[in-house]
Amino acid sequence: MTTKLINKLKPGLAALLLGFSVSASAVGTPIDRIIAIVNDDIVLQSELSNREAIIKARLSAQGRSLPDEKILQDQVLDRLILDNIQLQIGKERGIRISDSELNTSMERIAAGSNLTLEQFREALIAEGQDYAQARQQIRNEMLIQRIQQRIVNSRINVSQQEINNYLDSEQGQQLSAESYNLSQILIAVPLQATAKMIQSAQQQAEEISEQLINGANFAETAISRSKGPNALKGGAIGWRQLNEMPEEFASAAKKLKTGEFSEPLRSPSGFHILKVLGKKGGSVQLVKQVKVRHILLSPNEIRSPAQTRREIESIYQQLKENVPFDELAKQFSDDAGSGSLGGDLGWAQAGQMVPEFEQVMFNTPKGKLSSPFESRFGWHILKVEDDREQDMSDEMQTNQARSTIRQRKFNEELQNWLREIRSQAYIELK
């Protein structure tokens, strides 16, 4: 990789590319061998060596010491097996990542370090790496995330009663909640664990807790001991609000200062040790909403684009002559939903309409008409009847409650699902 390009990379992307570089020298040219059979598929030694090299490069770039070689290999192999199972499930269900989606994601990764996609490709090739291999790795990561989202979400149901209970709770009444940047160490227990297995897991968690108290590095301990899905990232969970955590996690997090970690916490997945890496609190975000009506004329087989433009101009003249907006909307608008209501779209806010519509909507003064303008749907005229700033509308509160409950359930159900698919898979280590 050229010095010029390496200097432009953010640490995360540099570690990724260095990982590809190291993996090539680590693998070399020996004959590959099977190290695990997973259902009808296999995991190769080269896959383990490649992934291990990437993890080592990433940890080195972050200035972290490496765990014992055998421990790291076991962790990486465990993750490869689980990834393999998920990819098999995705293939069976026809879940895919299109080339355009992959390109967009890769462009976003490259742009994060001020690189174009072509420069990203050149950086890999300059190191003698296989660009197709890099694309496939990123595609697999995206695919696993999509598989998890689709399958785990299908296992989750959020009832209206749960939403109501949440909105009535103390957490639900908080328009803005403090967020915590968390890491965890998880000592997992099997689905049908015996009392002896649970006791053993608890003892391990307590031993780890004692090591942390005596100065052990949390991230390095997570890499070597945790069975959580983000173990190889130092146990990083990311930012979570209190209302997105299980109750026992939220209770523990509230008592911790930044940099502190909890005692072992019991959950259905096992025993967790949480560390708070940071905290942030947000004030209420006022949302601008606009009460708007519109008239839409769309070109069709009978009316050409030019005729559509002439007709919308004619309607605009009638509006300027004080013909009631709702009457003209009912008579002419091609938007059947709002047309029958006199063009009424109700209260709208950013993100609900197409960009062209929103730009005109937010730039039109209250009580005024817009000039005719075009979007991909056709030609519009809109009238802004009122505007306001709301802390949270009832609809937004309901949506936020549903999203929060679903996210909380997702985190718990993901662990259950991962344990299930692993227990159901045929795995033979060679």
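## Salt bridges: the rule and the count

A salt bridge here is a side-chain nitrogen of Lys or Arg lying within 4 Å of a carboxyl oxygen of Asp or Glu. Applied to this structure, that rule gives a count of 19 salt bridges. The background is simple: side chains of opposite charge can pair when their charged atoms come close.

Before the details, please keep in mind that this is a predicted model, where local features need pLDDT of at least 70, side-chain atom pairs count only at pLDDT 80 or more, and totals for chains, interfaces and linings use all residues. Residues are numbered from 1 along each chain as its sequence is written, and side-chain values use heavy atoms, with hydrogens and water left out.

## Pairs worth a look

Let's begin with E162 and K409, whose side chains meet in a salt bridge with an N to O distance of 2.8 Å. E162 sits in helix α8 (residues 160–168) and K409 in helix α16 (residues 394–424), so this pair ties together parts that are 247 residues apart in sequence. Helices (H or I, at least four residues) and strands (E, at least two) are DSSP runs, numbered from the N terminus. E162 is partly exposed at 27% relative accessible area, and K409 is partly exposed at 24%; buried means under 20%, exposed over 50%, and partly exposed in between (1.4 Å probe, protein chains only).

R303 and E311 form another salt bridge, at 3.3 Å from N to O. Here R303 is buried, with a relative accessible area of 12%, whereas E311 is partly exposed at 36%. K366 pairs with D386, and their closest N and O atoms are 3.7 Å apart. K366 lies in the loop between α15 (355–363) and β9 (373–375), and D386 in strand β10 (residues 378–390), so the pair ties together parts 20 residues apart in sequence. A network of salt bridges also links K291, R293, D344 and E385.

Two strands pair if DSSP finds at least two bridges between them. Strand β3 (residues 179–188) is joined to β4 by 5 bridges, and S183 has A236 in β4 as its bridge partner.
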